[in-house]
Every structure is written in structure tokens, then in C-alpha cells.
Protein chains: 2
Amino acid sequence: MELALLYSGGKDSSLAALLLDSFYDVRLVTAHFGITDDWEHAERAAETLGFPFETVELDRDVAESAAAEMYDDGYPRNGIQAVHEHALEAVAAWDVDAIADGTRRDDRVPTISRAQAQSLEDRHDVDYLAPLSGFGRHAVDRVVETALDVQTGPSEEIPRADYEGELRVLLTEEFGSAAVGDVFPPHTQTYVRGRQ
Amino acid sequence: MELALLYSGGKDSSLAALLLDSFYDVRLVTAHFGITDDWEHAERAAETLGFPFETVELDRDVAESAAAEMYDDGYPRNGIQAVHEHALEAVAAWDVDAIADGTRRDDRVPTISRAQAQSLEDRHDVDYLAPLSGFGRHAVDRVVETALDVQTGPSEEIPRADYEGELRVLLTEEFGSAAVGDVFPPHTQTYVRGRQ
């Protein structure tokens with residue numbers, strides 16, 4: 001069965017790939033807006049893990065309205081959620097049996113409710129899987145420690161291909177360089193260098 | 001890492017075992033009240049899948065109060081939920097790194113909320129995993145088809161070791177033979193005969 005997993009090169013979506021690998025033909029898919037080439041970081045991580053890799057280009061309008069919303073809100077939650085929902089809709093339209101992401105039980109954003117999952121599945125005739133949604137943060141960290149070689153550090157220093165990178169560029173372009181610091185509190189990110 | 005998975009011999013808990021197998025030393029644990037020997041069905045299924053097997057005997061009082069509640073309610077939901085929570089507390093007290101069950105995204109019962117999961121983890125210093133909670137019914141069925149050899153049929157004819165079997169006996173003993181039909185609507189169950 002063919003499965004498209006939304007992939008950032010970070011530990012969560014990498015672990016999701018390992019969990020699904022025994023049951024699906026997993027391809028890792030990085031969604032981007034054509035703003036930066038950060039998706040290449042995800043491609044490199046996918047290669048070291050041994051999974052096929054593709055990109056999907058999303059509507060630039062969605063990124064711009066997400067950046068504006070994040071700037072108005074002063075925090076990233078609603079903008080990130082909107083982009084993730086848009087990315088899921090995009091891969092759900094592909095000719096695959098299932099789509100998946102790396103959302104965890106304790107994630108505040110993005111989160112896909114049971115009703116949203118059912119709606120995606122019904123409208124696109126596809127299964128939606130969130131293989132880490134039954135794992136808390138501590139469990140994910142322990143399993144990642146045994147299975148993956150991970151680089152961890154401040155968000156702005158870690159090579160990655162999640163939505164944040166391109167949204168940071170858009171925020172700077174539209175609202176000036178201080179906007180990024182206003183929207184994103186300092187936080188750490190992870191990047192997967194390979195398997196353990 | 002040592003993990004104890006609550007196990008019935010059915011397709012959901014069997015698939016949960018396969019999903020966790022790459023990352024944990026999984027042992028399958030059937031909870032029972034000492035009322036029947038139905039746990040032997042789970043033991044046989046565990047053997048065919050190649051996992052170590054143990055039982056945990058729960059408090060008979062919990063089964064009796066669950067049976068009385070189910071009889072009063074006229075449906076099984078609250079009684080089954082109470083028994084499952086009791087079983088999770090029992091294995092959470094074991095010396096393991098993680099505990100798990102086979103609950104799915106679409107299950108109405110048993111369900112463990114995010115708050116209940118966090119409480120279990122904090123009180124017992126253990127990770128609680130529900131590896132199928134990000135899988136809908138259709139996805140589970142498709143993966144099971146490729147991975148497991150499953151026998152399906154009416155609940156009363158399928159060998160299994162979930163809580164229902166012993167609660168059926170208790171209901172008959174306490175409230176007469178019609179009570180079982182009043183509480184449990186006809187439904188199908190599954191029993192795992194091996195891997196595909």
C-alpha cells in the first residue's frame with residue numbers, strides 16, 4: 001500500500017516513517033511554498049533513512065495569509081495549523097492509499113481532530129494516519145534516542161524543512177526583521193542525520 | 001526497553017504488538033479475573049505471533065461492580081471502561097518502561113483521554129502508548145489484512161480473551177441468562193491465528 005507522509009527532516013516525522021515502514025510503501029513528502037530551498041534538508045534526511053522523497057508545492061496565498069495571521073496574533077499557532085491543513089489536503093488528493101503526519105499526542109499545533117481526520121478520509125477516499133498520536137513527548141524522545149541520530153539546537157540554527165523556515169522569510173519580507181522574534185518564541189528544533 | 005501490552009488475542013491488540021515490536025521488548029499481557037480460562041486463547045495467539053506472554057489477575061470486586069453497572073445501564077460501555085482502566089493501573093505498577101493497549105481512533109470504548117494518559121504516566125513513572133490511536137477502523141482493517149491471519153465471527157463463537165467473556169459469565173450468574181443479551185448487542189469479534 002502506498003503512503004505519503006508529510007516530512008520535515010525532524011525527529012517526529014522521521015519516527016513516524018520508521019513506525020509505518022513495515023506496513024506501507026512509505027514516501028516522504030515535504031510541502032513548501034517555493035520561497036526557500038530548505039526542502040533540500042528534508043531530502044538529505046530522507047536519503048540517509050532510505051526512503052523515497054518528493055516535494056509538493058503549496059499555494060503561496062496560503063503562506064501569505066498564514067504569515068499575516070501569525071503577525072496579527074503575535075504567536076504562530078493558527079498560521080501553522082492553517083498551513084498544515086492545506087498540506088494534508090494537497091497530499092490527500094494524490095493517488096495513494098494513505099497519508100500521514102508526525103503529530104504527537106502532546107502537540108498543541110498542528111492537531112488534527114477525529115472529525116477532521118474522518119472528513120479528510122471521506123472526501124478523498126484515503127486513510128489518514130497519525131502514528132505518533134498515541135505517543136507522549138517522553139515516549140517519543142526515548143524511542144528516538146534508540147533509533148535515530150539527531151542534531152538538536154536553536155530553531156534558527158538547525159537545518160530543517162518545516163513550515164517555519166519559509167514563514168520566517170515571509171514575515172521578515174512583509175513586516176520587517178523584528179516580526180519573526182515577535183511571532184516565534186525561542187525554541188529548539190531537531191534534524192535527523194541518520195539511523196542509530 | 002520493556003513494554004507490557006494489554007492483549008486479548010484480537011486483531012487490534014495484535015497489530016499494536018507488531019507496530020511496537022521494532023522499538024520495544026514487547027510482552028503481551030492478558031488481564032483476567034480468574035473466572036474463566038479464556039486467557040489461554042490469548043496465550044495461544046501470542047505464541048503464534050512469537051511474543052512472550054503473561055497474565056495479570058485483577059480484583060474480582062471490579063468485575064462484579066462492572067457487571068452490575070452494565071446490567072443497570074443496559075449497555076456495556078461504562079463497565080468495560082472501568083475494567084480497562086483498572087487493568088492499565090495494574091500493569092502500570094509493573095517494572096516496565098512502557099505500557100500500551102490496542103485502542104483505536106474510532107473506538108467508543110475503551111478510550112483513554114490525553115489527561116488520563118498523562119495521569120497514568122506521572123503517577124507510575126511509565127510511558128503509556130496507544131499505537132493505534134492515530135489509525136481509523138478502515139486503516140486498521142487494511143493493515144491487518146496484509147499482516148495477520150484473522151478469524152472473524154459472532155462474539156459468542158470466537159475464541160478470545162477480552163473482558164467480555166468473563167463479564168458474560170458474571171452477568172449470567174448474577175442476573176440470569178437473559179442479562180447477557182440485554183447488555184451486549186450482537187456483534188462480531190476477531191481472533192488472530194498467526195501472521196500472514
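**Interface and local geometry**

Q: How many salt bridges does the rule find across the interface of chain B and chain A?
A: Across that interface the rule finds 4 salt bridges, a salt bridge being a side-chain nitrogen of Lys or Arg within 4 Å of a carboxyl oxygen of Asp or Glu. Over all chains, the structure holds 30 salt bridges.

Q: Before we go on, what kind of model is this, and what do the values rest on?
A: This is a predicted model, in which local features need pLDDT of at least 70 and side-chain atom pairs count only at pLDDT 80 or more, while totals for chains, interfaces and linings use all residues; side-chain values use heavy atoms, with hydrogens and water left out. Residues are numbered from 1 along each chain as its sequence is written, and chains are lettered from A and ligands numbered from 1 in the order in which they are written.

Q: Which residue does D97(A) meet in a salt bridge?
A: The side chain of D97(A) meets that of R142(B), at 3.5 Å from N to O. D97(A) lies in the loop between α4 (77–92) and β4 of chain A and R142(B) in helix α6 of chain B, so the pair joins two chains. Helices (H or I, at least four residues) and strands (E, at least two) are DSSP runs, numbered from the N terminus.

Q: And what does R142(A) meet?
A: R142(A) forms a salt bridge with D97(B), also with 3.5 Å from N to O.

Q: How many residue pairs are in polar contact between the chains?
A: The count is 13 residue pairs, both residues at pLDDT 80 or more. A polar contact is a pair of N or O atoms within 3.5 Å; within protein, one must be able to donate a hydrogen and the other to accept it, and residues adjacent in sequence count only if both atoms are side-chain atoms.

Q: Which element gives the largest share of the side of chain B that touches chain A?
A: That is α6(B), with 6 residues. The residues of this side divide into 16 nonpolar, 5 polar and 8 charged; Ala, Val, Leu, Ile, Met, Phe, Trp, Tyr, Cys and Pro count as nonpolar, Asp, Glu, Lys and Arg as charged, and the others, Gly among them, as polar.

Q: How much area is buried there?
A: About 2500 Å² is buried between chain B and chain A, and carbon and sulfur atoms give 55% of it. Buried area is the accessible area (1.4 Å probe) that two parts lose on being put together, summed over both. F23(B), R105(B) and R114(B) supply 26% of the area that chain B buries against chain A, more than any other three residues.

Q: Changing topic, in which sense do β2 and β3 of chain B pair?
A: Strand β2(B) (residues 25–32) and strand β3(B) (residues 53–57) pair in the parallel sense over 5 bridges; pairing requires at least two bridges found by DSSP. A31(B) stands opposite V56(B) in β3(B).

Q: Where is H86(B), and what is it in contact with beyond its sequence neighbours?
A: H86(B) is in helix α4(B), residues 77–92. Leaving aside neighbours within four places in sequence, H86(B) is in contact (heavy atoms within 4.5 Å) with L58(B), D59(B) and V62(B).

Q: Which peptide bond of chain B is cis, with omega near -10°?
A: The bond from V109(B) to P110(B) is cis with that omega, and P110(B) lies in the loop between β4 (98–100) and α5 of chain B. In chain A, the bond from V109(A) to P110(A) is cis, with omega near -10°.
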